[in-house]
Amino acid sequence: MNYPELDLIKNDYDGIIFDLDGTLLDSMNLWKEADESFLSKRGFAVTLDYTDYVKSVSIEDAAVYTKNRFNLPDSPEDIIKEWNDFVGRGYKETVPLKNGAREYISSVKNSGFKIGCATALTRPNAEAVLKRCGIYDLFDIIYTLDDIKGCPDKRQPDIYLKTALALDTKPSRTLVFEDVPLAINGALMGGFHVCAVYDSVGVSSKEEWNQMVSVSNYAIDNWSFFNNI
């Protein structure tokens, strides 16, 4: 596996952009539980294609998609409220960083890289968890999909381009860490280099992971690689 060792990449990149859910945060079980709770109460089951879609778009678009896919009487606003009531406490109180993520991002900062965050989380949830985990101040800029007008998800490179612009780094000199195939493809479309991050909940199969690795410049199966270098 081609790990993004800082000593080896420091001359290739000026900026690094991190996703949150499933990348830095061990949070995908929380969203899985939220989806299962929400849909099971309405007589539906969570499927892999549903999960792959909703985890890569803004919460507003996920709510519209959910309403339309299952023909629900709930309004998108009511769906969002139910989801936020379920996950909000998790981001404020319990969702942890993945093992080794803090050490890696701290070393990224100490190595002089500009650091951005590009997330599909709402800003309140993103800021709450980053502050509680003690890494909020390591980021030079934080963008959520809500900040990017006309960009409902990460299938397009808009959020990465805006983050790189704020960092004053060129896409070709910026490395994006992502755990979702749709998001990886979006970053590649923007001319960014990508590191695929494995998440045991988010990656649906060995074949999907192998495909993610094959199109990415780097890949990590867990952040502890950094402590073992």
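For charges, Lys and Arg count as positive and Asp and Glu as negative, with His and the chain ends not counted; each charge is placed at NZ of Lys, CZ of Arg, CG of Asp or CD of Glu. Select those side chains in the protein chain and you'll have 24 positive and 35 negative ones, with the centres of the two sets 3 Å apart.

A quick word on what you're looking at: this is a predicted model, where local features need pLDDT of at least 70, side-chain atom pairs count only at pLDDT 80 or more, and totals for chains, interfaces and linings use all residues. Residues are numbered from 1 along each chain as its sequence is written, and side-chain values use heavy atoms, leaving out hydrogens and water.

Now switch to cartoon view. The protein chain has 10 helices and six strands (DSSP runs, H or I of at least four residues for helices, E of at least two for strands, numbered from the N terminus).

Next, colour by burial, where buried means under 20% relative accessible area, exposed over 50% and partly exposed in between (1.4 Å probe, protein chains only). Of the 229 residues, 51% count as buried.

Last stop: select strand S3, residues 141–144, and pick out Thr-144. Is Thr-144 buried or exposed? Thr-144 is buried, at 0% relative accessible area. Show its contacts (heavy atoms within 4.5 Å): beyond neighbours within four places in sequence, Thr-144 touches Thr-119, Leu-121, Thr-122, Arg-123 and Ile-159.
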